Amino acid sequence: MFRFRAMKELKKKLKRRRRPLLSLGMLAAVFLAASAAGIGGAAIIQRAALGGSDAAPAVVSVPENADKPASASADNPRAKVLQALAGWKGEVELVLHRVYWCGEEDRMLGSRSAQEAAELLKSRRDWDAVFEAGGRLLLREQVEDLSPACRQTATIGMDEDGNLSLFDGPPRKDNVVRTFFQLDIRSLESSLSKERLHELEDGIRVSDRDEYNSVLSSFSDYAYRKSKGVMKQEP
């Protein structure tokens with residue numbers, strides 16, 4: 001049965017391959033007849049190829065994932081900001097808002113021309129931007145570090161639910177900045193000294209990126225099994 005179907009499909013393919021040859025022969029006959037009648041062969045061949053003078057032109061569809069101009073994308077905030085800057089008359093007030101692992105800060109960058117502001121935004125593709133109606137351009141940057149203010153107060157410790165967390169100050173519920181993973185309390189109690197456990201309860205001070213990563217790494221072995229494969233050290 002399979003062989004019979006395969007032969008049938010093969011015959012269909014051969015028939016389809018013959019069709020262009022037959023069509024060329026028919027067009028050649030039309031051309032000779034048109035030449036004998038004094039009619040432009042090229043025009044008749046074109047009409048014959050299109051199936052008549054009323055044939056509609058072919059429509060070429062563009063793939064959905066094809067590149068589009070930035071200005072045509074409704075979901076591209078940066079493109080919208082750049083469009084707004086292109087039509088802005090006058091200067092733009094620039095404000096850089098930095099968001100850290102712990103803490104945030106604003107930095108005033110002064111006033112620039114709209115063109116200068118656009119060039120700055122284009123040079124930093126990792127920044128988000130919001131152009132406000134009054135001519136204020138708010139630039140937003142994610143910083144993989146502790147803010148200068150948070151470096152003075154940040155601690156890593158255990159919250160009330162037994163999770164290893166980052167705190168802006170002593171380990172308290174209202175000071176939690178981010179939670180990393182749940183700790184295996186039994187494993188901690190059987191492996192760590194009482195002094196180290198007290199440090200974890202009181203919060204271990206971290207003043208820079210290296211100390212932050214070092215504390216995370218030292219406690220990663222005490223994460224529950226479900227969390228071990230998920231916990232990732234910050235870059």
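Is Cys150 buried or exposed? Cys150 is buried, with a relative accessible area of 3%, where buried means under 20% relative accessible area, exposed over 50%, and partly exposed in between (1.4 Å probe, protein chains only).

The structure is a predicted model, in which local features need pLDDT of at least 70 and side-chain atom pairs count only at pLDDT 80 or more, while totals for chains, interfaces and linings use all residues. Residues are numbered from 1 along each chain as its sequence is written, and side-chain values use heavy atoms, with hydrogens and water left out.

**Overall content**

The protein chain holds 8 helices and 8 strands; helices (H or I, at least four residues) and strands (E, at least two) are DSSP runs, numbered from the N terminus. Of its 235 residues, 28% count as buried. Among contacts between residues at least 6 apart in sequence, 49% join residues at least 24 apart, a contact being heavy atoms within 4.5 Å.

Two strands are taken as paired if DSSP finds at least two bridges between them. Strand E1 (residues 91-99) runs antiparallel to strand E2 (residues 104-113), and 9 bridges join them. Within this pair, Val92 has Arg112 of E2 as its bridge partner. The hairpin of E1 and E2 has 4 residues between the strands, and Gly103 takes a positive phi near 100° there. E1 also pairs with strand E4 (residues 136-142), in the parallel sense and over 7 bridges; here Glu93 stands opposite Arg136.

E4 is in turn paired with E3, in the antiparallel sense, over 4 bridges. In this pairing Phe131 has Leu137 of E4 as its bridge partner. The two strands form a hairpin with 4 residues between them, and Gly135 in the turn has a positive phi of about 90°. In a regular strand the side chains alternate between the two faces of the sheet.

A disulfide is a covalent bond between the sulfur atoms of two cysteines. With a disulfide counted as a pair of cysteine sulfur atoms within 2.5 Å, the count comes to 1. The bond joins Cys102 to Cys150, with an S to S distance of 1.7 Å. It links distant parts of the chain, since Cys102 lies in the loop between E1 and E2 and Cys150 in the loop between E4 and E5, 48 residues apart. The torsion about the S-S bond is about 75°, so the disulfide is right-handed. Like Cys150, Cys102 is buried, with a relative accessible area of 1%.

The loop between E4 and E5 also contains Glu144, which is partly exposed at a relative accessible area of 34%. The side chain of Glu144 makes a polar contact with the side chain of Trp101 (2.8 Å); a polar contact is a pair of N or O atoms within 3.5 Å, where within protein one must be able to donate a hydrogen and the other to accept it, and residues adjacent in sequence count only if both atoms are side-chain atoms. The C-alpha atoms of Glu144 and Tyr100, 44 residues apart along the chain, are separated by 6.1 Å.

**The sheet of E5 to E8**

An open sheet of 4 strands has the order E7-E6-E5-E8, with antiparallel pairing. Strand E7 (176-182) and strand E8 (204-205) stand at the edges, each with a single partner strand, so one side of each is left without a neighbour in the sheet. E6 is mostly covered, with 5 of its 6 residues buried. The pairings are listed below.

| Strand pair | Bridges | Residues opposite each other |
|---|---|---|
| E5 and E6 | 5 bridges | Ile156 and Leu166 |
| E6 and E7 | 5 bridges | Leu164 and Phe181 |
| E5 and E8 | 2 bridges | Thr155 and Arg205 |

E5 and E6 form a hairpin with 4 residues between them, and Gly162 in the turn has a positive phi of about 85°.

**Asp159**

Asp159 is found in the loop between strand E5 (154-158) and strand E6 (163-168). The residue is buried yet has no salt bridge, and Lys173, the nearest side chain of opposite charge, is 9.9 Å away. Lys and Arg count as positive and Asp and Glu as negative, with His and the chain ends not counted; a salt bridge is a side-chain nitrogen of Lys or Arg within 4 Å of a carboxyl oxygen of Asp or Glu. The side chain of Asp159 reaches the backbone nitrogen of Asp161 at 2.9 Å, and a polar atom of that side chain lies 3.0 Å from the backbone nitrogen of Gly162. Leaving aside neighbours within four places in sequence, Asp159 is in contact with Ser165, Phe167 and Thr179.
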